[in-house]
Amino acid sequence: PLVAVIVVAAGSGTRLALGQPKAFVPLQGRPMLTHALQGVAGMRESAQIIVVVPEDRVAQARLIAAQVSAECAADAPARASAPAIEIVVGGSSRQESVQRGLARLHPSVEIVLVHDAARALTPAALADAVVDAVRTTGHGIIPGLAVSDTIKRVAVAVAVADAVPGARLGTVLGTVDRSELAAVQTPQGFPRHVLTAAVAAASPEMTDDAAIVAAAGHPVRVIDGHPLAFKITTRADLNRAEHLLAAAGE
Ligand code: CTP
Ligand code: MG
């Protein structure tokens, strides 16, 4: 394959706090990872799909991958073959998980997408658009949406925040010009050589692949994101995803 998608699903889901890794939390009765892989497997181009999961979830992830592959083959019999999905054990940070995925790239791969399993409802068309844009520009591509909230820069008074649990009291430093902002999503796509070189040179605390690529001096462009590519981080996000799926199924 010329395209690979690394789906990072090795996080623990601390903020969701449901006692299991987030990608395995059910959404409409099926693990979030199932939904995420359905999107990726629906891409126009057949890609190498690499799923990065917690060590104790490898067996479960293999079952999920086999199921999604089989369903995809049944839905699109015209396709040459069912998508091949590989499972890899993740690391303690998102970046480490991405690196474990990168280590498994097939030699033929020229374009790499990195996608959060937590963006479980992301449509296949967004991944297709990212691939197209990487191919035509040769640059890193990230999907982004305009920001609708007014954003302030705040000097957070840490001592006060610690004294009052849950409070983040601070001083407003200024309002940020909203027209210059984008809320960025995944999948983020890059020419393979650009991403692998940038990741090798990155500092370990960087969490965003596009930031790593930009820090290495390579251009990164933004294309239109999709409202359904939102990240499920909190219970409220999970509820919203449930409602959207229920509404779509009606
Ligand atoms: N991720 C990963 N490996 C890690 C940490 C995160 O593969 N060590 C993945 C998550 O599975 C998720 C994506 O990176 O799909 C975005 O991370 P986030 O939303 O922060 O998920 P978690 O880290 O699981 O959640 P939390 O931060 O609340 O613990
Ligand atoms: Mg996290």
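User: Which residues of H1 are buried?

Analyst: Keep in mind that this is a predicted model. By name, the buried ones are Met32, Leu33, Thr34, His35, Ala36, Leu37, Gly39, Val40 and Ala41.

User: What does Val7 touch, leaving out residues up to four places away in sequence?

Analyst: Val7 sits in the largest nonpolar core, which has 62 residues, and is listed with Ile6 and Val51 as having the most contacts inside it. Nonpolar side chains in soluble globular proteins tend to be buried together. For Val7, the partners are Ala36, Leu37, Val40, Ile49, Val51, Val52, His115 and Ala117.

User: How many charged residues are in the shell around ligand 1?

Analyst: Ligand 1 is surrounded by 22 residues, with Val8, Ala10, Gly11, Thr14 and Arg15 the closest. Split by class, that shell has 7 nonpolar and 10 polar residues, and the charged ones number 5.

User: How many Å separate the centres of domain 1 and domain 2?

Analyst: Domain 1 comes in two pieces, 3-146 and 182-249, while domain 2 is 147-181. Going by C-alpha atoms, the distance between their centres is 30 Å.

User: What radius of gyration does the protein chain have?

Analyst: Along the principal axes, the C-alpha atoms fill a box of roughly 60 × 40 × 35 Å. A compact globule of 250 residues would come out near 18 Å, and the chain agrees with that, at 19 Å.

Note on methods:
Residues are numbered from 1 along each chain as its sequence is written. Chains are lettered from A and ligands numbered from 1 in the order in which they are written. This is a predicted model: local features need pLDDT of at least 70, side-chain atom pairs count only at pLDDT 80 or more; totals for chains, interfaces and linings use all residues. A residue is near a molecule or strand if its C-beta atom, placed from the backbone, lies within 6 Å of it. Ala, Val, Leu, Ile, Met, Phe, Trp, Tyr, Cys and Pro count as nonpolar, Asp, Glu, Lys and Arg as charged, and the others, Gly among them, as polar. Domain bounds come from an automatic or database domain assignment. A nonpolar core is a set of buried Ala, Val, Leu, Ile, Met, Phe, Trp, Tyr and Cys residues joined through C-beta atoms within 7 Å. A residue is buried if 20 or more other C-beta atoms lie within 10 Å of its own, exposed if 12 or fewer, and partly exposed in between; C-beta atoms are placed from the backbone. Two residues are in contact if their C-beta atoms, placed from the backbone, lie within 7 Å. Helices (H or I, at least four residues) and strands (E, at least two) are DSSP runs, numbered from the N terminus. The radius of gyration is taken over C-alpha atoms; the globule rule is 2.2 Å times the number of residues to the power 0.38.
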